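Q: Hi! I have a structure open here and would like to walk through it with you. Could you take a look?

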Amino acid sequence: MIDTTEDISYPFVPKSNSFLREGQFCDIPLSDGRYACARIMKQKAFGDKDRVGTVIALVDWVGDHVPSEADIIGRGLIEGPAETRFEAVTKNGGQVRGVRPLAADGFVPYVAPTGVGSSIRVWGYQVIKNLAEEHFVK
């Protein structure tokens, strides 16, 4: 759930997962000058004391400008969600641009699968950019 009592100024470059919240969206600069978009699906990927992990997904959106809330209304996810680190935003040149409640687009907060045969998707920091390049540039 998004903590609405906290004053977060957008855009920002995260230095940990401390100010990441479910529903935030981030830009992913692409090699052709356009932008893709990622959504934060969960603040802490690796447990309650986690300071670096997050869960993100790639949104079905690309544009000539950084994404805005209006751009992502009703847009689905085309990759993920996956557990990763906040550097999936920062080391790819992106920033957190704003927040839109996950439920407003029919998404539910991420819950890691459990049980026999379950698998968890884990991405290195550059995977989301590579996936965005594959979907929108190549």
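A: Happy to! Arg 100 is buried, with a relative accessible area of 10%. Please keep in mind that this is a predicted model.

Q: What do the side chains of Arg 100 and Asp 105 meet in?
A: They meet in a salt bridge, with 2.8 Å from N to O. Asp 105 is buried as well, at a relative accessible area of 14%.

Q: Which other residue forms a salt bridge with Asp 105?
A: Arg 39 does, and the closest N and O atoms of Asp 105 and Arg 39 are 3.1 Å apart. That pair links distant parts of the chain, 66 residues apart: Asp 105 is in the loop between E5 and H3, while Arg 39 is in strand E2, residues 35-42.

Q: And is Arg 39 buried or exposed?
A: Arg 39 is buried, and so is Asp 105.

Q: Which residues are linked in a network of salt bridges?
A: The network links Arg 39, Glu 69, Arg 100 and Asp 105.

Q: How many salt bridges does a search of the whole structure find?
A: The search finds 6. One of them joins Asp 27 and Arg 97, with the closest N and O atoms 2.8 Å apart.

Q: Where are Asp 27 and Arg 97 in the chain?
A: Asp 27 is in strand E1, residues 24-29, and Arg 97 is in strand E5. The two are 70 residues apart, so this is another pair that links distant parts of the chain.

Q: How about burial for those two?
A: Asp 27 counts as buried because its relative accessibility is 3%, and the cut-off for buried is under 20%. Arg 97 has a relative accessible area of 24%, so Arg 97 is partly exposed.

Q: Let's stay with E1. Is Ile 28 buried or exposed?
A: Ile 28, which lies in strand E1, counts as buried at 2% relative accessibility.

Q: What does Ile 28 touch?
A: Leaving out residues up to four places away in sequence, Ile 28 touches Arg 34, Tyr 35, Ala 36, Cys 37, Ala 38, Leu 58, Ile 128, Lys 129 and Ala 132.

Q: Which residues are buried in H3?
A: Ile 128, Lys 129, Leu 131, Ala 132, Glu 133 and Phe 136 are buried there.

Q: What covers the buried residues of H3?
A: The cover includes E1, E2, strand E3 (53-63), strand E4 (77-85) and helix H2 (87-90).

Q: How far apart are Ile 28 and Lys 91?
A: They are 63 residues apart in sequence and 10.0 Å apart in space, C-alpha to C-alpha.

Q: While we're on Lys 91, where does its charged end sit?
A: The charged end of Lys 91 sits over the ring of Tyr 125, 5.0 Å from the ring's centre.

Q: New topic: rings. How many aromatic pairs are there?
A: The count comes to 1 aromatic pair. Tyr 10 and Phe 12 form the pair, with 5.8 Å from centre to centre and 40 degrees between the planes, and the arrangement is tilted.

Q: Why tilted?
A: Planes under 30 degrees apart count as stacked and those over 60 as edge-to-face, so the rest are tilted. The Tyr 10 and Phe 12 planes are 40 degrees apart.

Q: Is Tyr 10 exposed, or is Phe 12 buried, or something in between?
A: Tyr 10 is partly exposed, with a relative accessible area of 30%, whereas Phe 12 counts as buried at 15%.

Q: Then there's Pro 11. Is the peptide bond from Tyr 10 to Pro 11 cis or trans?
A: The bond is cis, with omega near -5 degrees. The peptide bond from Gly 80 to Pro 81 is also cis, with omega near 10 degrees, and Pro 81 lies in strand E4.

Q: Where does Pro 11 lie, and what does Pro 11 touch?
A: Pro 11 lies in the segment before E1. Not counting residues up to four places away in sequence, Pro 11 touches Gln 95, Val 96 and Arg 97. Pro 11 counts as partly exposed, at 42% relative accessibility.

Q: Last one, the surface. Which residues make a nonpolar surface patch?
A: Phe 46, Ile 120 and Val 122 make a patch of about 280 Å². Val 122 lies in the loop between strand E5 (96-99) and helix H3 (127-136), and counts as exposed at 53% relative accessibility.

Technical notes
Residues numbered from 1 in each chain as written. Predicted model: local features only at pLDDT ≥ 70, side-chain atom pairs only at ≥ 80, totals over all residues. Heavy atoms only, no water. Phe/Tyr/Trp six-rings, centres within 6.5 Å; stacked < 30°, edge-to-face > 60°. Buried < 20%, exposed > 50% of the residue type's maximum accessible area, 1.4 Å probe, protein only. Lys NZ or Arg CZ within 6 Å of the ring centre and 35° of its normal. Patch = residues over 30% accessible without salt bridge, like charges linked within 9 Å, V, L, I, M, F, W, Y side chains within 5 Å. Areas by Shrake-Rupley, 256 points an atom, 1.4 Å probe, with all protein chains shown as cover. Salt bridge = Lys/Arg side-chain N within 4 Å of Asp/Glu carboxyl O. Helix = DSSP H or I, 4+ residues; strand = E, 2+ residues; numbered from the N terminus. Contact = heavy atoms within 4.5 Å.
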